[in-house]
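Reader: I have the sequence and the coordinates open. Take me through the fold, one question at a time.

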Amino acid sequence: MNYLSVENLVKTYGERTLFKDISFGLAKGDKVALIANNGTGKSTLLRILAGQDVADGGEFSFRDGIRVSFLEQEPVLTDDDNITIEAFVREASAEVLAIIRDYEAALENSMSGEEEHLKALERTSILMDAREAWDFDRRLETMLGRFGIHDLNQKVNSLSGGQKKRLAIAITVLDQPEFLILDEPTNHLDIEMVEWLEGYFMQSNVTLLMVTHDRYFLDRVCNQILEMNDTKLYKHNGNYGFFLQKRAEREVVYQTEVDKANKLMKKELEWMRRQPKARTTKSKARIDAFDEIKAKAMSGKKQGELKLDVKMSRIGGKILELKKVYKSYGDLEILKGFDYTFKRGERIGILGKNGCGKSTLLNIITGLETADSGKINTGETIVYGYYNQSGLEVKGDKRVIEVLKDIAEVIQLADGSKLTASQFLLHFMFPPEMQYTYVSKLSGGERRRLHLLTVLIKNPNFLILDEPTNDLDLLTLQKLEEFLENFGGCLLIVSHDRYFLDRLVDHLFIFEGNAEIKDFWGPYSAYRAKLDEEKRAPKAIAKKVEADAETQAPKKKDNKKLSFKDKYELEQLEKDLPALGKERVEIEKALQDASLAYEEIERLSKRITEVVAELEEKELRWLELDELRG
């Protein structure tokens, strides 16, 4: 039996149909991503299923008795400005805490030995098992600590957006629902938290229905993809990589059908122009068939293209120098004598936990904040384009096209041609009818897309992007990445999107806390592989120490000599070790190529893990045999 059954669901806003006659079912353990462009109703569908919106038609039902939880994109946790985290957690976990109290009361009463109290103890014990409440306090403390929530006396409404998101996830996961609806769960999380959540869902039996733009998360967690396109729903069994393949195949087949319909329509149009009298059944059928052919032929419109090849301002020899920069907030040190000189065309990603100062560095560079000491020397030709998390700020409620015209009526492209503001919006997937929509009516993703446009049309030659992937749909992300790959200026990116970083940056600033910043050359996947290797290193060292102790122990006079088999193995090892070492170096070098496809990055990351493990094992064996060789 399905955990969720959806039948012919319909939702419209005015004359706009978001989706129509959508039907699907999800079973226990399904992990499903809902994919669609911004403004097509994917978040609306999640809210309908979570009971926070109402469909215009159709119905849906969850299996009786299963626990369903909904994690909103921007959680609104409480209206009470005075409620503390501790009080909020207790309130959110009221059902489990009530079960624990009932069990404790039943346990105390059972001491009397009366049958009624013993039955109550049995009943509450079953409930404790069902809600896994036996170690609730320990799990609560562990979960809050895992999400960086330690001060339980802090007021909930004083938390930042990222802290509220982490608190909401912690409470949701702690409740251990059987069906979980997630709207952009990775927004506002640092990479460490994203990877923890990814691992948790991979190992959990919870049924998931989620909207996310994180492609690594999609690929590793999901086993089904639901694609909403042109009010319809397409189901793909498999992960995100499989979905991309099948969607491409479907689009090729569909375009072939459209081309055939176009050719047939021309032939039928000649017959229709002769104004046939629809007197016979055959004539009526042919007219009806023509209408179907015409609809198919006219449906072959291409998706909006996001063309961002704007003209870049000339960049001189001097870019940006930071010399002995210090910054702190009270006892919290952010930068401590930070030095760096940016080079032409440099691409840097910034990693670190929330609150360690990533955005502060960007604000100091752009002059929005002042360093405590040190120098920030910016080249005279540098024009910053700063896309920050605060979002688009509009005075009054303006229309979309007015926001753009306030900056430029005409935009010059790199090839010398010009576009009007309206044409540029169209290229940025804002059709004419949306250009006169008020900004207040845009979805979160549409507002961020417009914000990005206002940054890019200023012709910057130094782009600074603070979490640019939040709330953007996958089509926008793909087009943004294509633009940034061809961008000739400097690029500085703070992002938790691992795929985005792997594709675009040459090296990483790692904010390790306590004002420690490490410069790592290579994409994120290479950095992740290095961390994994370092975790395995203590075990390898322990094995080597143990092996050394054995080989250095006093030996009997009749020490065993190398057998013929041992000699052959030693010779083979002396061939294998250099080959493996060479392969490791080649893989590390290959992973530094930001243009690698995701599938190749994943394959190389997996292979380097295997190579390192094989090297460790063969090195230890070589040491053993070399000692015997004497």
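Reader: Which residues of strand 18 point one way, which point the other way, and are they buried or exposed?
Author: This is a predicted model. Leu491 and Ile493 point to one side of strand 18, and Cys490, Leu492 and Val494 point to the other. Both sets share one state: all are buried.

Reader: How many of the residues of strand 18 are buried?
Author: Strand 18 covers residues 490-494. The strand is mostly covered. The count is five of its five residues.

Reader: How many bridges join strand 12 to strand 18, and which residue of strand 18 is the bridge partner of Ile348?
Author: Strand 12 spans residues 347-352 and runs parallel to strand 18. Four bridges join the two. In strand 18, the partner of Ile348 is Leu492.

Reader: Which residue stands opposite Leu492 in the pairing of strand 17 and strand 18?
Author: Strand 17 and strand 18 pair in the parallel sense. Five bridges hold that pairing in the model. Opposite Leu492 of strand 18 stands Ile464.

Reader: What is the bridge partner of Tyr387 in strand 17?
Author: Strand 17 takes in residues 462-466. Strand 14 pairs with strand 17 in the parallel sense, over four bridges. The partner of Tyr387 there is Leu465.

Reader: Where is Asn459, what is its phi, and what is its relative accessible area?
Author: Asn459 sits in the loop between helix 15 and strand 17. Phi of Asn459 is near 55°, positive in a residue other than glycine. Most residues other than glycine have a negative phi, and most peptide bonds are trans. Asn459 is partly exposed, with a relative accessible area of 22%.

Reader: Why does Glu184 count as buried, and what is its relative accessible area?
Author: Glu184 lies in the loop between strand 6 (179-183) and helix 7 (191-203). Phi of Glu184 is also positive, near 50°. Buried means under 20% relative accessible area. Glu184 counts as buried because its value is 5%.

Reader: Which residue of strand 8 is the bridge partner of Ala33?
Author: Strand 3 (residues 31-35) and strand 8 (residues 224-229) run parallel. Four bridges join them. The partner of Ala33 in strand 8 is Ile225.

Reader: Why is helix 3 described as roughly antiparallel to helix 4, and what is the hand of the crossing?
Author: Helix 3 (residues 94-109) and helix 4 (residues 115-130) pack at about 150°, with their axes 8 Å apart. That angle makes the pair roughly antiparallel, because angles over 145 degrees count as such. The crossing is left-handed.

Reader: How many nonpolar, polar and charged residues make the contact of helix 3 with helix 4?
Author: Helix 3 contributes residues including Ile99, Ile100, Asp102 and Tyr103. Helix 4 contributes residues including His117, Ala120, Leu121 and Met128. By class, the contact has nine nonpolar, four polar and one charged.

Reader: What share of the chain counts as buried?
Author: The chain has 20 helices and 20 strands. Residues 24 or more positions apart account for 69% of the contacts with a separation of 6 or more. Of the 630 residues, the buried share is 45%.

Terms used
Residues are numbered from 1 along each chain as its sequence is written. This is a predicted model: local features need pLDDT of at least 70, side-chain atom pairs count only at pLDDT 80 or more; totals for chains, interfaces and linings use all residues. Side-chain values use heavy atoms; hydrogens and water are left out. Two strands pair if DSSP finds at least two bridges between them. Axes are lines fitted to C-alpha atoms, for helices over the stretch in contact, and angles run from 0 to 180 degrees between N-to-C directions. Angles under 35 degrees count as roughly parallel, over 145 as roughly antiparallel, 65 to 115 as roughly perpendicular and the rest as oblique. A crossing is left-handed if the near helix is turned anticlockwise from the far one by less than a right angle, and right-handed if clockwise. Contact means heavy atoms within 4.5 Å. Ala, Val, Leu, Ile, Met, Phe, Trp, Tyr, Cys and Pro count as nonpolar, Asp, Glu, Lys and Arg as charged, and the others, Gly among them, as polar. Buried means under 20% relative accessible area, exposed over 50%, partly exposed in between (1.4 Å probe, protein chains only).
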